[in-house]
Structures are given as C-alpha cells and as structure tokens.
Amino acid sequence: MANFGPKDIKKLREMTDAGMMDCKKALTAADGDMDKAVEWLRDQGLGAAAKKAGKVAAEGAIGVKVEGHKAVIVEINSQTDFVAQNDKFKEVMNTVVNHAFENNLPDAEAINNSEINGQPFSEYLSLQIATIGENLVVRRAALINGDENTAVNGYVHSNGQNGVIIEARCDSAKTAEAMTPVLREIAMHAAAMAPTTLSYKDFDPKFVEEETQGRIVAIEKENEELRRLGKTEKNIPQYISMSQLTDEVLAAAEEALKAELAAEGKPEKIWDKILPGKLARFISDNTTLDQEQCLLDQKFVMDDSKTVLEYVQEKAKAAGGTADLVHFVRLEVGEGIEVEEEDFAAEVAKQMA
C-alpha cells in the first residue's frame with residue numbers, strides 16, 4: 001500500500017516542476033519519503049539532461065544586473081526561442097545573474113565551475129535542463145567591479161537578445177554619480193549600434209589592412225556602375241582608420257591642402273582659418289572604419305551632431321569633472337554559434353528511428 005497520496009504528488013511537483021507521473025514514480029520508489037523522492041528525480045533528471053546536452057543551444061537571452069559600482073552580464077542559451085521566453089527560463093536567468101553578481105564571478109567558466117545552493121553548478125544546471133526539457137548553456141559572462149570613482153551602468157534590449165554593461169573612470173565620486181545615468185544612454189546606443197571595440201587603438205593592424213583593401217575594391221566596383229549610369233562617382237579613400245593616420249600622413253595631407261588653397265588663389269593670411277576645417281574633413285573621410293565599429297567614434301544616436309566621445313566629455317564637463325569610457329561588453333544571443341541545418345524529412349526520420 002502506497003505511503004503517499006495526491007497531496008504529496010502535488011507537493012513534489014511544486015517543489016521540482018517534474019511531471020505528475022514522474023512524481024508518482026519517484027514517491028513510489030522512495031516509499032513516500034519526500035527527500036528521497038527529490039533525489040530520485042534528480043538522478044533521473046541528470047540522465048535526461050545528459051541526453052539533451054548534445055543538442056545545440058543557439059537561442060536564449062541576455063541578463064544584466066547593475067548596482068552601485070558593479071555590473072554583470074550573462075548569456076544563457078537554449079535550443080528554442082520559445083523556451084527562452086517562458087517563466088522557468090527567466091527564473092534560471094535571474095538566479096544565475098544574481099549568483100554571478102553576488103560572488104563576483106568574472107566569466108562563464110567561473111560560473112560553470114562554481115557552487116550554487118550547496119551543490120556544483122553543473123548539477124544545478126542539469127536539473128534545470130531536465131525540468132525545462134531543453135539543453136541550456138551558460139555560454140558567456142562578464143563582470144565590472146569598480147570603485148567610487150567608477151561610473152557603471154547597463155542595458156538589456158526589450159527582446160532580451162542583446163545587452164551591454166559599460167564603465168567610465170571619473171575624476172571624482174561626484175562626477176561618477178552624475179555620469180551613471182549618462183552611461184545608461186551610452187549602453188542603449190551600444191546595444192543598437194553594435195560597436196565591436198572601444199577605440200581604433202584596439203584594432204589589429206592586419207585587420208585594418210584587409211578592410212582597407214576590401215573597401216577600395218568595393219568602391220571601385222560601385223564606381224563602375226555609377227559611370228555606366230552617368231552618375232557622380234564616389235571618392236576612394238586612402239585610409240579608413242585613425243590608426244593609419246600617422247604624423248607623417250597628416251603632415252602630407254596638410255601640405256596638399258595648402259597647395260590646393262594656393263591653386264585656388266586663397267590669400268595665405270587666411271589659411272589658418274580654413275585649414276582646420278579641411279583637415280578635419282580629411283580625417284573624417286579617412287576614418288570610416290572607426291566611425292562604424294569604434295564606440296567612441298560612432299555618432300551618438302540621441303544626438304548625431306556629436307560622437308559618443310564628445311557627448312561623454314560634454315556631460316562630464318557639465319558635471320564639473322572629467323570621465324573616460326574605459327570598457328564595455330556587448331553580448332548578442334547566439335553570436336558565433338554555427339547551427340547545423342537539417343531538413344524536415346531527415347528530422348522526422350531521426351525521430352521515428
């Protein structure tokens with residue numbers, strides 16, 4: 001005779017989120033002992049999770065937590081977008097983000113090798129996999145942990161598919177406090193505009209060289225079509241990044257601009273008023289890579305008359321201090337994951353087998 005009833009099954013189900021029949025089997029195997037039933041389900045869940053773990057998890061969501069001078073961002077992947085939107089997945093995300101935040105875990109490896117609620121994180125995640133029914137992967141994470149002179153903020157887009165955390169070093173705690181809401185705006189900008197790096201100084205010279213060649217070839221091909229249509233051709237830049245504009249390059253550009261002014265008959269006494277604008281235009285025309293991919297050089301989406309750098313400097317000055325953006329992390333769900341596509345017939349055949 002069973003030592004449990006419907007109320008026990010219901011209680012176990014509420015505790016574990018396991019199916020009704022699985023709870024009944026667990027209580028039967030445990031002779032009604034609730035703790036042993038939970039262990040039985042965990043053992044069964046681990047087995048089920050192991051089978052699911054081989055499936056590619058390319059969907060999911062981004063979670064961010066910001067408090068004071070600290071911020072954490074975590075990407076958790078699932079197999080389907082549908083699961084990433086359910087309450088159980090959101091609960092897992094909230095638990096993992098808080099766990100990383102409270103324990104100062106700097107990356108996904110640290111999270112996956114940690115302990116949570118008195119058990120290895122791998123066991124906790126396997127139980128969630130068994131409960132949710134899909135493979136879950138804590139794939140990427142980052143932590144910012146500054147002092148009182150550090151302004152920190154973050155943002156997650158409404159669909160949960162990309163998020164940003166960002167920090168600025170300020171001259172004082174007062175400036176850091178004033179810059180915190182500004183960094184929220186910059187984080188929103190970064191989420192939308194997807195910069196790949198903070199500054200042109202972070203570019204690999206080989207990458208810049210390859211990009212330069214590629215852009216020149218692309219513009220040359222575009223100009224062929226413009227010529228055919230009788231339209232104005234585009235200028236082909238010599239350079240695409242500030243990293244290429246050495247002192248020698250800028251000096252040569254200035255001399256060329258002076259020669260142009262002389263050829264135009266402009267009096268030499270007014271050159272100093274004209275040259276700065278022309279040199280700024282030369283720099284703008286020859287730093288298109290920076291403007292596209294570097295956060296500091298992008299036009300700020302809320303005021304495109306300024307770059308992000310200029311906007312931050314303006315706000316810091318208004319607060320009576322200085323601030324330098326020093327680091328940001330932008331994560332987008334599934335970046336870099338290759339999903340093997342399988343046709344519907346093959347999928348059905350596999351399931352039938």
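Figure 1. Helices (H or I, at least four residues) and strands (E, at least two) are DSSP runs, numbered from the N terminus. Helix H7 covers residues 121-132, and its 12 residues should span 16 Å at 1.5 Å a residue; the end C-alpha atoms lie 16 Å apart, which agrees. The expected span is 1.5 Å times one less than the number of residues in the helix. The buried residues of H7 are Phe121, Tyr124, Leu125, Ser126, Gln128, Ile129 and Ile132. Buried means under 20% relative accessible area, exposed over 50%, and partly exposed in between (1.4 Å probe, protein chains only).

**Figure 2. Phe121 and Tyr124 form a tilted aromatic pair**. The structure contains 3 aromatic pairs. In the pair of Phe121 and Tyr124, the ring centres are 5.6 Å apart and the planes meet at 50°, so the arrangement is tilted. Rings of Phe, Tyr and Trp (its six-membered ring) pair if their centres lie within 6.5 Å; planes under 30 degrees apart count as stacked, over 60 as edge-to-face and the rest as tilted. Phe121 and Tyr124 are 3 residues apart in helix H7, hence separated by about one helical turn. Both residues are buried.

**Figure 3. Glu185 and its contacts**. Glu185 belongs to helix H8 and counts as partly exposed, at 24% relative accessibility. Leaving aside residues up to four places away in sequence, Glu185 touches Phe300, Met302 and Tyr311, where contact means heavy atoms within 4.5 Å. Glu185 and Tyr155 are 30 residues apart in sequence, and their C-alpha atoms are 8.6 Å apart in space.

**Figure 4. Met193 contributes to a nonpolar surface patch**. Met188, Met193, Val301 and Met302 make this patch of about 340 Å². Accessible areas come from the Shrake-Rupley method with a 1.4 Å probe; for residues, only the protein chains shown count as cover. Met193 lies in helix H8 (residues 173-193) and is partly exposed, with a relative accessible area of 39%.

**Notes to all views.** Residues are numbered from 1 along each chain as its sequence is written, and side-chain values use heavy atoms, with hydrogens and water left out. In this predicted model, local features need pLDDT of at least 70 and side-chain atom pairs count only at pLDDT 80 or more, whereas totals for chains, interfaces and linings use all residues.

Methods. Patches are made of residues with over 30% relative accessible area and no salt bridge: like charges are joined within 9 Å, nonpolar side chains (Val, Leu, Ile, Met, Phe, Trp, Tyr) within 5 Å. A salt bridge is a side-chain nitrogen of Lys or Arg within 4 Å of a carboxyl oxygen of Asp or Glu.
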